[in-house]
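Here is a short report on one protein model. Look over the sequence and the fold, then read on.

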Amino acid sequence: MTSASAANTAVIVLAAGSGTRLGEPIPKAAVRVHGRTLLDYALEGALASGVAEHMVVTVPVDCSASCPELMEDARRAGALITAGGDTRTASVVAALDALKDAQVPVDYVLIHDCARAFTPPQVYHRVLEGLGSESPQGVVRAVIPVLPVVDTVKTVDSAGLVTGTPSRAQMRAVQTPQGFEVAALLAAHERSRSLPAEEAELLTDDAMAMEAAGEPVLTVAGDADAFKVTTPMDLGVARALFGDSAA
Ligand code: C5P
């Protein structure tokens with residue numbers, strides 16, 4: 001297996017979501033923190049990391065008309081731009097297709113949620129370093145950044161009654177960028193497509209598809225700054241901590 005380096009790696013920044021939960025009338029990636037879009041911050045972090053010579057950004061389908069500023073941010077960062085799909089997974093597939101169509105020869109991808117716009121470059125480094133490492137279950141082709149879980153977590157049934165309390169010590173909250181060997185990721189996606197719909201629906205992210213395919217998925221340390229901007233409160237935190245006012 002070729003080892004991961006900037007030359008054979010691409011960062012995929014997923015920015016095609018609607019941002020409904022943020023309560024803004026524009027795509028989440030276009031929401032501004034001190035004058036700059038979330039996408040612009042996300043691209044800055046990815047570029048500063050230096051982990052990849054190639055970058056793809058997925059944008060909403062009608063972006064040329066509805067969010068030209070995102071196209072502009074992506075262009076300025078030297079990224080390929082492609083329309084996202086209906087789901088996050090469909091957007092990942094669109095980005096992988098865009099790399100193939102542009103004949104960009106990459107062996108590894110780091111898939112990043114634009115909503116985690118303030119992810120420090122060190123997280124990218126840790127993910128890239130984990131790829132290709134040896135684990136007790138074989139060579140690592142999937143790496144995810146995680147944080148310890150601070151809340152006690154319960155499982156519940158449809159009536160809202162608690163069915164269990166998993167041990168917090170063993171739980172981790174997952175962040176992005178998530179790193180993959182492209183061939184293994186494509187094989188895992190292919191395998192997911194052959195599953196019955198009800199099983200395929202449960203595979204909500206790429207790492208789950210890799211787990212389901214029996215691949216070891218390595219965790220590395222995430223970072224509190226890599227929080228996902230999802231709610232108005234998250235946006236308030238972002239505006240308080242980052243951009244001009246944080247100087
Ligand atoms: O909706 P959620 O915050 O979970 O989305 C995670 C990331 O995936 C966001 O950065 C969003 O822009 C992106 N996404 C996408 N295409 C979709 C849905 C989400 O690129 N269809």
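## Terms and source

Buried means under 20% relative accessible area, exposed means over 50%, and partly exposed lies in between (1.4 Å probe, protein chains only). The model is predicted: local features need pLDDT of at least 70, side-chain atom pairs count only at pLDDT 80 or more, and totals for chains, interfaces and linings use all residues. Residues are numbered from 1 along each chain as its sequence is written, and side-chain values use heavy atoms, with hydrogens and water left out.

## Overall build

The protein has nine helices and 14 strands. These are DSSP runs, numbered from the N terminus: helices are H or I with at least four residues, strands are E with at least two. The C-alpha trace spans about 45 × 45 × 35 Å along its principal axes. Of the 247 residues, 45% count as buried.

Contact means heavy atoms within 4.5 Å. Among contacts between residues at least 6 apart in sequence, 71% join residues at least 24 apart.

## Helix 4

Helix 4 covers residues 88–101, 14 residues in total. From first C-alpha to last it reaches 20 Å, close to the 20 Å expected at 1.5 Å a residue. That expected span is 1.5 Å times one less than the number of residues.

Seven names make up its buried list: Ser91, Val92, Ala94, Ala95, Leu96, Ala98 and Leu99. An α-helix has 3.6 residues a turn, so residues three or four places apart point the same way. The cover over the buried residues of helix 4 includes strand 1 (9–14), strand 4 (54–59), strand 5 (80–83) and strand 6 (108–113). Helix 6 (182–193) and helix 8 (206–212) are also among the covering elements.

## Ser91

Leaving aside neighbours within four places in sequence, Ser91 contacts Leu14, Ala16, Thr58, Gly84 and Gly85. Ile12 lies 79 residues away along the chain, yet the C-alpha atoms of Ser91 and Ile12 are separated by 9.7 Å.

## Backbone points to check

Gln103 is exposed, because its relative accessibility is 70%.

His34 also has a positive phi, near 50°. His34 sits in the loop between strand 2 (32–33) and strand 3 (36–37). At 31% relative accessibility, His34 is partly exposed.

The peptide bond from Thr176 to Pro177 is cis, with omega near 10°. Pro177 is in the loop between strand 12 (172–174) and strand 13 (178–181).
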